[in-house]
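Please look over the sequence and the structure shown below before reading on. The report that follows takes up charged side chains and then a pair of strands.

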Amino acid sequence: MPALFAALLLPACAAKEVEEEQGMSIAVTLRDVHRCSRISPEILVTDMPAGTESFDVRLVEYGDEERFFGGGTWANDGSGVIPEGGLTRHYRGPCPPAGESRDYAFVVSAMSKDNIQPLAVRLYRFTQE
């Protein structure tokens with residue numbers, strides 16, 4: 001009986017993995033100028049959900065505790081491009097201490113004006129040295 005139960009769950013798990021890979025995705029163009037800087041990188045959002053009015057973007061450092069490095073909101077003009085320098089709400093770029101590396105993530109939420117819940121959320125994880 002356990003083998004049958006596992007066989008029934010396997011297709012459901014595989015379908016879920018495919019669903020998670022589809023939909024909104026983000027790409028971030030990080031350059032040296034963005035390190036320890038108030039200049040945010042260009043972010044490209046593709047396959048955003050219908051009804052996306054704006055993008056809420058946050059930069060977070062992961063470690064013993066999460067640290068927030070600011071971000072901002074960008075109105076969706078349909079291009080999916082959040083231009084370099086577009087994030088202005090107290091944004092500070094990744095800046096680990098000399099000789100150390102830290103893990104970061106840009107968290108991008110697709111927002112509609114009628115709902116406070118995001119339509120979709122994606123993370124762009126990276127390590128900065």
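R67 counts as partly exposed, with a relative accessibility of 35%. The structure discussed here is a predicted model, and the values given for its residues should be read with that in mind. R67 forms a salt bridge with E61, in which the closest N and O atoms are 3.6 Å apart. E61, at 5% relative accessibility, counts as buried, because the limit for that class is a relative accessible area under 20%.

R102 has a relative accessibility of 23% and counts as partly exposed. Through salt bridges that share partners, E61, R67, E100 and R102 are joined into one network.

How many salt bridges does the structure hold? There are five salt bridges in the structure, and one of them is formed by R31 and E84, whose closest N and O atoms are 2.5 Å apart. R31 is found in the loop between strand 1 (25-29) and strand 2 (42-46), while E84 is found in the loop between strand 5 (81-82) and strand 6 (102-112), so the pair ties together parts that are 53 residues apart in sequence.

Both partners can also be described by their accessibility. R31 is partly exposed, its relative accessible area being 46%, and E84 is likewise partly exposed, with a relative accessible area of 38%. As a general point, side chains of opposite charge can pair when their charged atoms come close.

## The pairing of strands 3 and 4

Strand 3, made up of residues 54-62, pairs with strand 4, made up of residues 67-75, in the antiparallel sense, and the pairing runs over seven bridges. Which residue of strand 4 stands opposite V57? That residue is G72.

R67, the partner of E61 in a salt bridge, belongs to the residue range 67-75 of strand 4.

Methods. Residues numbered from 1 in each chain as written. Predicted model: local features only at pLDDT ≥ 70, side-chain atom pairs only at ≥ 80, totals over all residues. Heavy atoms only, no water. Pairing = 2+ DSSP bridges. Helix = DSSP H or I, 4+ residues; strand = E, 2+ residues; numbered from the N terminus. Salt bridge = Lys/Arg side-chain N within 4 Å of Asp/Glu carboxyl O. Buried < 20%, exposed > 50% of the residue type's maximum accessible area, 1.4 Å probe, protein only.
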